[in-house]
Amino acid sequence: MVISNKPLKFILAALVACSPVMSFANSENDSTHVQTEAAHEEKVISHNAPVEGEHEALDPKAKVDAFIDHHLQDSHDFVFFSDEKENKHYGFPLPVILIDGGLKIFSSSKFHYGEEVAEVDGTFYKLVHGKIYKTDATGAIKLNEHGHPENEKPLDFSITKNVVSMLFVSVLLFIMFTGLAKSYKKGPIPTGFGRVLEPLIIFIRDEIAVPNIGEKKYRKYMGYLLTVFFFVWLLNLLGMTPLGINVTGNIAITVCLAAFTFIITQFSANKEYWGHIFWMPGVPVPMKIILAPIEILGTLTKPFALLIRLYANITAGHVVIMSLIAMIFVGKNLAADLPISLGLTLFISVIEVLVAFLQAFIFTMLSSLFIGMAVQEHDHHHADENVII
């Protein structure tokens, strides 16, 4: 078996190219964590009362909620841990790339983890819950009646924590598969780490690609299926490390991945696929008119099922694990809470290792199924005979 790395190069480049654009497309719901003192009243938060510092809350449960929210969100810097008493953060900054009357590039260290106002070429920026807003020298943030910042936002193409993670996994995949492809030139049996990859590749080929797409056409899509499987799987595993990375729990990323499957499916579809959507054979004409809009809607619900399944399952796993760890700090009986918390966390973490593989498998399986439905030929003769009978 010879693995060509040309399709992998194209898809990896596309995934990486998409990631900076999607990094600033997170939902505006992130800003709902900004606390307001009175509803239906416009307020301004100054730099002296930073909204990024949730750790200032005295309620332990509020601290836990803020920490979990911070973990689930993307970030402009890596923070390994923080010393609340000393108000120190241990980590490293990342590049900030803004388009605001021109290209502006600077280090996220200017924000000091959201506690300072960054001045760049006479313009002031404030980091609020992972979003960069234009402000003044005091760092004032105007909130609307729903607690959402109303300040203008520059176009953000920053290299965030999620982007760094995707770049790392993309480079790792490129090295893995390039090495595997080269090892086949020496003989039919791969060497080194290729012996670990080959069974997984054969599994994806024999259990996913061939049954769903067919023996005649599966090879054309193997590059994409292999890339998306290992890409999602490694990101899921990376999210279980203490680095606080939650890439596949970011809905912008899952939307991007599902969009690739959708585009490949639609551009690979044959005329029979479109015929079944717009003018389904073997059914009365009135039913064809009724079924056509439903089938068109179905082409959109399929990628939606892909993106929401991956996003929801990974996010839920992170929330459960961190909530179990939080029992140690919220509970009042450390001797009783500690073993329970650690035991349940270990149990869920083992399950999450399985879920990391399972979600990558399901995403790849459904992608191949949707592609197979679009490229396989249908037997209209038997369908018409069944209707006549």
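Leu-98 stands opposite Lys-104 in β5. The two strands concerned, β4 (residues 95-99) and β5 (residues 103-107), pair in the antiparallel sense over 5 bridges. Strands here are DSSP runs of E with at least two residues, helices are runs of H or I with at least four, and both are numbered from the N terminus. Two strands count as paired if DSSP finds at least two bridges between them.

This is a predicted model, in which local features need pLDDT of at least 70 and side-chain atom pairs count only at pLDDT 80 or more, while totals for chains, interfaces and linings use all residues. Residues are numbered from 1 along each chain as its sequence is written, and side-chain values use heavy atoms, with hydrogens and water left out.

β4 and β5 form a hairpin with 3 residues between them. In the turn, Gly-101 has a positive phi of about 70°. Buried means under 20% relative accessible area, exposed over 50%, and partly exposed in between, with a 1.4 Å probe and protein chains only.

Let us turn to the cores. A nonpolar core is a set of buried Ala, Val, Leu, Ile, Met, Phe, Trp, Tyr and Cys residues joined through side-chain atoms within 4.5 Å. The largest has 52 residues, and those with the most contacts inside it are Leu-173, Ile-201, Phe-230 and Leu-257. Helix α5 gives the most to this core, with 13 residues. A second, separate core of 9 residues includes Val-96, Phe-111, Val-120 and Tyr-125.
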